[in-house]
Amino acid sequence: MPGQLVLVDDEPGLREAVQAYLEDSDFTVHTASNAREGWDLVQQKLPDLVITDVMMPQVDGYQFLKQLRDDPRFKSLPVVFLTARGMTGDRIQGYEAGCDAYLPKPFDPDELVAIVTRLLQQRATLKATSAEGEMPDVADMARQIAEIRAILTQRGAIIQTPSPVKLDFTPREQSVLDLVVDGLMNKEIARRLETSVRNVEKYVSRLFSKTGTNSRTELVRFALEHGLTK
């Protein structure tokens with residue numbers, strides 16, 4: 001399962017080795033040597049998962065994780081801790097802080113790949129059920145809305161290119177797309193269009209299918225890049 005990862009570790013040798021192994025497994029890996037660089041990368045790349053060392057100078061892994069969890073965009077972002085501290089108490093502290101997996105050094109790279117793959121599969125399943133309206137993820141929705149609003153602040157700088165596929169939206173699909181691009185949530189769109197939230201969810205799913213996107217953030221970026229909205 002491909003995905004975009006951010007890897008944060010202050011040991012150059014380990015960072016390069018882990019990056020190479022993950023890239024051999026078809027992941028796209030962006031690296032940072034400290035938590036401050038990692039935070040900038042996460043905001044820029046909006047990754048699917050973060051792998052971070054715990055023991056780092058200035059800002060450690062726990063502080064970095066708290067920074068991520070305090071931001072609505074990253075409340076549900078999977079985070080894997082890599083650390084030389086592998087005692088039971090350390091692992092408990094990591095899970096209590098909100099990490100999704102805790103891997104003591106030295107570790108087997110295959111185990112890391114297995115952990116990353118499992119977490120990404122879980123996240124994909126959660127997104128799919130949310131899109132179908134079966135189990136809404138409020139944190140994930142808040143994250144996507146925040147991402148969309150961040151994209152809209154750069155709207156004037158986005159270079160438009162023709163759509164790679166011919167798209168034919170119905171008038172109602174176009175109306176929903178315009179409101180998604182405006183950063184509205186499904187409940188707000190339903191109220192604006194005087195329809196049900198369930199109907200809005202169906203239209204959003206159709207828009208995903210027609211544009212080949214998998215999230216509201218991807219849909220908005222696609223629409224702006226290809227001039228599909230007002």
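At what angle do the axes of helix H7 and helix H8 cross? I looked up H7 (residues 171-181) and H8 (residues 186-193): their axes come within 10 Å and cross at roughly 130°. Axes are lines fitted to C-alpha atoms, for helices over the stretch in contact, and angles run from 0 to 180 degrees between N-to-C directions. Helices (H or I, at least four residues) and strands (E, at least two) are DSSP runs, numbered from the N terminus.

I noted the sources. This is a predicted model, where local features need pLDDT of at least 70, side-chain atom pairs count only at pLDDT 80 or more, and totals for chains, interfaces and linings use all residues. Residues are numbered from 1 along each chain as its sequence is written, and side-chain values use heavy atoms, with hydrogens and water left out.

Next I checked the contact (heavy atoms within 4.5 Å). Arg172, Ser175, Val176, Leu179 and Val180 of H7 meet Ile189, Arg192 and Leu193 of H8.

Then I turned to the sheet. I found an open sheet of five strands in the order E2-E1-E3-E4-E5, with parallel pairing (at least two DSSP bridges between two strands). Strand E2 (28-32) and strand E5 (101-104) are the edge strands, and each pairs on one side only. Neighbouring strands are turned by 20° against each other on average, direction ignored.

I looked at one pair last. Strand E4 (residues 79-83) runs parallel to E5, and four bridges join them. Phe81 has Tyr102 in E5 as its bridge partner.
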